[in-house]
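Thanks, everyone. I'll keep this short. Let me put the structure up, and then we'll walk through the contacts.

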Amino acid sequence: MDSAEVEFLAEKSPITIVPNFAQEKLYLISGDVGPFNPGLPVEVPLWLGINLRQRGKCRIVPPDWMDPEKLTEKKDEESQSKNFTKMPCEHYLVVAQLVLTAATEDIPNSQQIKTLIKDIWDLRVAKLRSSVAEFIQSEGTRAKLDHLTLLEINSVRPFLPHSLDHLYRFSKTAFNSNLSQSQTQDYS
Amino acid sequence: MLADKVLELIRELERSKDGQMSTFNEDAIRLVLEEMNTLFEQNQQDVNATVAGDVRFFSGVHLRHAALERNKRCLLAYLYNRLERIREMRWEFGSILPGYIRATMCEPEIQWFNKYNKTLATYMRSLGEGNGLDLTQDIKPPKNLYIEVRCLQDYGEFEIEEGDTVVLQKNTTHYLLMAHCQHLIRQGILEHVE
Amino acid sequence: MADTEDIIEGSDDEGEPMKASEVLQKLEEAWITERMSPTLEKHHSEYVDCMLDQINQMSENLKRCKKHDFRVAIHKMEIDRIRYMISSYLRLRLEKIEKFTHYLLEKERTISDENLAILSENELEYAKGYASSIESHFQTMVLQHVPENLRNFDPGKMGVKPNLDSFVFLKVKESTPAVLIEDDSGEGRDEEVDLDEGSQHLIRYRPISHLLNSEAVTLI
């Protein structure tokens, strides 16, 4: 999956906006949104929120987790845990990038938030790398990957699944050639 | 050397891996086909001798047959890989290929291209219960990209989407859809504020 | 936009009407699964047709709206998103059909349950047309010029087959206990795995492919 596709999927995430216009409910195919009233928060898909923001028709309310204190807690939790912790948003990195690019002024402490999210990402990807190495060395045949987000999974693609494909092919070939050798012996 | 000529064709594919097409190598194909017929005739003779009881030629027959199989396989691989590239061109350039690309193709390849065109068009027309859908469009996820622009000169009223207008006055800045204002950027009326 | 605002005719397996938003969700899952699967998955033209119908109707309705209507741009953006997803999904499928043509046509012949058909009717036509165009090109250019005993063409021997032992990432939608993961590499490490709802796994495609058909898991 390329980054544009991941972004496309992340753009479906809900985001709260405060519109500066009035508009009745919209019957979108993906579900109803609105009604919109000036000053009243309303939840919309991110692609719509960003578009309205770019057109100056709303301001974006940062999601709960986009907060220095909460992110610092998350970062500590992540660094202390051996496993991957559950992220508050399946697309945290992409959502943060999109929101912070389109609406920096709407997000208090945006610089700090950027740094914290980058730190969490780095922690998780480092963890992922070391568990991949461990996994391959242990000659594992499958792995459980709870709480890994799509972008993180994408970061080991296609390298990890391809390596495993090759390892599997090697052991299968080795097995089959042993088999045919022993069969030859049987017949002789 | 035995079955050497056909390797040239495979090397040719390898060399043009960056998506470019080399000219269809009719001469090489003819030479390979000639070699195949020669090998076949020689084998016929030796097979007759083998059948008559002379087993000295038996290994030679096997060797030539292996060479024949290899030649055939490589020829088909050459054809197939070119078709794959021609197929990609359909998606890249549309149903009419630029002349410089057609010039690299042989007549049967052009016919294949036309047939592919037709098969694809029939399929795309059949989608959505006959309403059709052009799959060669929408290659990338849609991005309604707004950019910040500054007016470099007075332009006056400019219609943006859904009938809204903005007044483009010198030194004012606006958020506009990139697709809508690109021509004004090119004309030097707006500049993209990074 | 009265026509499209509530419930649509399309129905799922139980015969209950599904909402447009639910169909869209299903289509998205089918799209991502197709994107990640080493082979061609069963077709979902019912979702495709339903969503194409939705965006066509919506486009018609928009023509009747005033040009200045604020809503038009928003609906158009959504239509673009859905059309992209459908196109990308069908393109992915065509690519696989072209790559594994013979394998898929053979496999299709062994499937008797219509609900598990891999190729839609249109795709089947496409696959046949594609296969015959390639073969006749081979005939014209090479096969009819080679010695007689070499003129046959065996696509089963030369065609490309998908690697069903590829590793894939999956997410479990419905808990499925004791899934047998056979180890064909002969190391005798067959094992059973409980797939709990919501969990994610990196696993070989072959042992779990049947769970994609029953939609108990999706690829990610």
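Start with one pair of residues. A:Ala143 stands opposite C:Leu202, and that leucine sits in β6(C). Keep in mind that this is a predicted model.

Now widen the view around that pair. Strand β6 of chain A covers residues 143–144. This strand pairs with β6(C) in the antiparallel sense, over two bridges.

Chain C puts in 37 residues, and chain A puts in 27 residues. Which elements of chain C give two or more residues to the side that touches chain A? They are α1 (20–36), α2, α3, β3 (167–172) and β6 (200–204). By class, the side of chain C that touches chain A has 16 nonpolar, ten polar and eleven charged residues.

Turn to the other partner, chain B. Here 36 residues of chain C are in contact with 32 residues of chain B. On the side of chain C that touches chain B, the elements giving two or more residues are α2 (45–64), α3 (70–99) and α5 (121–141). Which of the elements gives the most to this side? Again, look at α3(C): it gives 13 residues, the most to the side that touches chain B. The class count for this side of chain C is 18 nonpolar, nine polar and nine charged residues.

How values were computed
Residues are numbered from 1 along each chain as its sequence is written. Chains are lettered from A and ligands numbered from 1 in the order in which they are written. This is a predicted model: local features need pLDDT of at least 70, side-chain atom pairs count only at pLDDT 80 or more; totals for chains, interfaces and linings use all residues. Two residues are in contact if their C-beta atoms, placed from the backbone, lie within 7 Å. Helices (H or I, at least four residues) and strands (E, at least two) are DSSP runs, numbered from the N terminus. Ala, Val, Leu, Ile, Met, Phe, Trp, Tyr, Cys and Pro count as nonpolar, Asp, Glu, Lys and Arg as charged, and the others, Gly among them, as polar. Two strands pair if DSSP finds at least two bridges between them.
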